[in-house]
Amino acid sequence: MNYKEIVKEVLLTEAKELERASYSISFDIENIVNLIIKSKGKLIVTGVGKSGLVGAKIAATLASTGTSSFFLHPTEAMHGDLGMIGKDDVVLAISYSGESEELIQILPHLKRLNVPLIAMAKDSNSTLAKYSDYFMNIFVQKEACPLDTAPTSSTTLTMAMGDALAVCLMKKRNFKKEDFASFHPGGSLGKKLFIKVQDLLRKDNLPIVSRETKLKDAIITMSEGRLGSVIIIDEESRVVGILSDGDLRRALMKENFSLDCNVEEIATLNPRTFDDENLLASDALQIIENYKIQVLIITNKEKKLVGILHIHDLIEAGIK
């Protein structure tokens, strides 16, 4: 049995159904989008079985892209949770057959509440479609399963249709990366757009020495600081140099190397510094990578040391 061919056939079957559906969009998507946008309430998604599972995913996608939404199981609705649906809400009901018994039972109550209903089903003559204010066709000619019965192509199309609705709503709202990140502050995009240098900056117990410090003492400070570098400041706390482990290794190669020399004699003088604590952490990482350094020195406008940001701080914070 050639399983690769089976996988290929399944993917092609579902892809063909998606492509076919893309050329036969007959429902009023513009008014559906406007209905949801103008609604003062939530978009409540409901369905049972596989349609319910897909509906839960659609609700999650909508909620994370700017449309207040949650999933409600029809059975739970019939046993008290119908009160979760308000007069300003819109309901998106999903049933491929359009005849799922548990779902059909709540439709008269939705009409009684005068709640707008959007239906996803395969047949415009189904009970669900007839109850609906707007109908989205999710008919497929062939399921991907060998028996042509298990929901495969149909659930894929339903999920894709939910994605398409979410994208239409994002476009209508002019939903931007910053908006998405605000709903996903713990995700990589949220971190990239919201975490700033000031959130990660080390300001206490910094490895600092004066320019007259002997190298042997600076090495001790470097070891205690565990940052692989020592910041050299003048009497007014202005940054004048940095001694990195790289500077130290290069000095060791010289014949006249001495532990009793002043630290500034082998340090990198006038190092690159930045005076913007509001710099995005992702931009700070880019700077560190571009200049091939490990430490970003943050100062105020007068070049006085404010803090240090090490590349490890960025990595541990999940900045990429």
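What is the volume of the largest pocket? About 310 Å³, counting the space filled by probe spheres set on grid points joined across faces, edges and corners. A pocket here is an open set of points on a 1 Å grid over the protein atoms alone, where a 1.4 Å probe fits, with protein on both sides within 12 Å along at least five of seven lines; lining residues have an atom within 4 Å of a point.

Before you click around: this is a predicted model, where local features need pLDDT of at least 70, side-chain atom pairs count only at pLDDT 80 or more, and totals for chains, interfaces and linings use all residues. Residues are numbered from 1 along each chain as its sequence is written, and side-chain values use heavy atoms, with hydrogens and water left out.

**Stop one.** Select I242, S244, I293, Q294 and V295: of the 17 residues lining the largest pocket, these sit closest to its centre. Next, colour β8 (239-244), α12 (245-252) and β11 (295-299), the elements that each give two or more residues to this lining. Helices (H or I, at least four residues) and strands (E, at least two) are DSSP runs, numbered from the N terminus. The largest share, four residues, comes from α12.

**Stop two.** Now go to the second largest pocket, about 160 Å³. Pick I25, F27, A160, M161 and A164, the closest to its centre of 13 lining residues. Show α1 and α7 (153-173), which each supply at least two lining residues; α7 has the largest share, with six.

**Stop three.** Finish on Y3, in helix α1 (residues 3-22).
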